[in-house]
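Have the structure open as you read.

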Amino acid sequence: NDVVETEDATVVTASVASNPTARGVRVAARRAVVFATGGKIHGLGAGERYDVDATVTGACASPFSALDAIAALPNVEVANKGNIWQYEVGSTGSPIWFLWFGQPGGDFVVVDRRGHRVYNEGLSYNQRGEFHVLRETDEDGESRVRDDPQRKQLYLVYGPRAHAYFDADLADGTKGYGINPFGDAIETDLENLKGAIEGAAWYDGFNVGLANSFDRSFRVTIDDFNAAAAENRRDPAGRGDPDGEGYESSLAWRGFGCYLMGYHTGCGDRNSPFVRPFWGNPDAAAETPLFVRPLNYGGIDTKMGPKADPKTQRVLHTSRVFVAGNAAASPFGQAYTAPGNTLGYALVSGYVAGTAAANGVPTFVWDGEPFLVPPGPHRLPASAPDQVLVLHYPGRNTVARSYGGYPWEGFMPDPLEVTCDGDDEASAMIRCAATLPEGLWLQAFSSRSGRRRLDEAARRRLEDVPGGGREDRAFASRFLEMATFGADTDDIDDLLGI
């Protein structure tokens, strides 16, 4: 639950536990530590929530996805707050509903406390999860999510076809494997729907409750759905529409399940198994059983984590700490690009982090802002054209510098010992390294801003000279200090006073 980079940065010490509550043991890694510990979904209830202020009812991540040691590293910035890989779960936290993208049977809708349909039920689980929360996003793209009192709990209402498919026992005796594997569905009918929901053990009114108009609104919802399904017209919410603009996971799963794997029956006509009427004859409405299951906000795992260099997965502002998978700040932001998104990123980032750690590249990751560099042996970043990089003790002296892509060099009067390979010309191929002492800061200036900084330093020195006699020496010293940054004619004119 903690990581310490020693003054001799060849050793990284970490505390490791077999589970989030166990007492850890301290181990030392001479080369690097790679965090592949998953996210923090099970740790949001105790401690830092990273702006996930919504109620997360369930998650399918490993129970060990609760560790948060890496956020405690000095100078580590946690990014992508407020984001998790979202889905919907039942009262027990079961994620089964989201797993069956195709949702065969066709006679089902999801409604809110007013009895209104909420979304196209064929949307991806990450998209559906978003309907349960209110999200605030700042100018940097960082989010905060909280419960939406109108939609914190939604209701999956389904009819006999979906019930026969999802709640039926399998041939091997396995109890219902789809919508209701854990027994939290209730059976009712159209006339008693509102009272049945309010009387269910899992009902969460969130201090709001079902609207008084729920029964009337639901009847309008179900009549519109049935009419379109019976006449093979476009579903009012767009479910199963191959011409729809949004990502439709039902269609994707149908292609996979029906045509590649042969999982589903009833894949023949255009709309099957996506939309089918609850009843064909309106007179049958009162006799048709309805089944209801709660849908709550859940997540696969969190998306927030420390910022890392995408080329090495090295955590910014550290020297030998790497991060991969859900332990890192996800580069996907709020998006869930496709099934397997988490696995794909885990494989790629894990390979990148493992390779960089094994190679032992002794360079810190730098995002361009002034920062306290980690001590120990490091490769130094190359300066860009028209840029001055300096290593300095704040308020004291500079010990090394690089400008315009040229090699690093020690800076008088107390130069840092720097070794470089390659030639002395400005080149991206130059590699410089140094053993950095404690307390150095790295800072960048443009060439012009660098000259201004040195001008001001020279003026401060002149203010300390008690009139006459030493001004020429101070100006000469300033000129020599400036010369290696490429003094131009304006600098020389300034020096000569013309």
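## Overall make-up

The chain has 10 helices and 23 strands, taken as DSSP runs (H or I of at least four residues for helices, E of at least two for strands) and numbered from the N terminus. This is a predicted model, so local features need pLDDT of at least 70 and side-chain atom pairs pLDDT 80 or more, while totals for chains, interfaces and linings use all residues. Residues are numbered from 1 along each chain as its sequence is written, and side-chain values use heavy atoms, with hydrogens and water left out.

## Burial and contacts

Of the 498 residues, 48% are buried (under 20% relative accessible area; exposed is over 50%, partly exposed in between, with a 1.4 Å probe and protein chains only). Take the contacts (heavy atoms within 4.5 Å) between residues at least 6 apart in sequence: 65% of them join residues at least 24 apart.

## Aromatic rings

There are 11 aromatic pairs here; Phe, Tyr and Trp rings (the six-membered one for Trp) pair with centres within 6.5 Å, and planes under 30 degrees apart are stacked, over 60 edge-to-face, the rest tilted. F332 and Y345 make an edge-to-face pair, 6.0 Å centre to centre with 90° between the planes. F332 sits in the loop between β15 (321-323) and α7 (341-359), and Y345 is in helix α7, 13 residues apart.

F332 is partly exposed because its relative accessibility is 27%, whereas Y345, at 13%, counts as buried. Ring pairs also tie W85, Y125, F332, Y336 and Y345 into a cluster.

## Charges over rings

K303 lies over the face of W85, 4.2 Å from the ring centre. R239 does likewise over F108, at 3.8 Å. The cut-offs are NZ of Lys or CZ of Arg within 6 Å of the ring centre and within 35 degrees of the ring normal.
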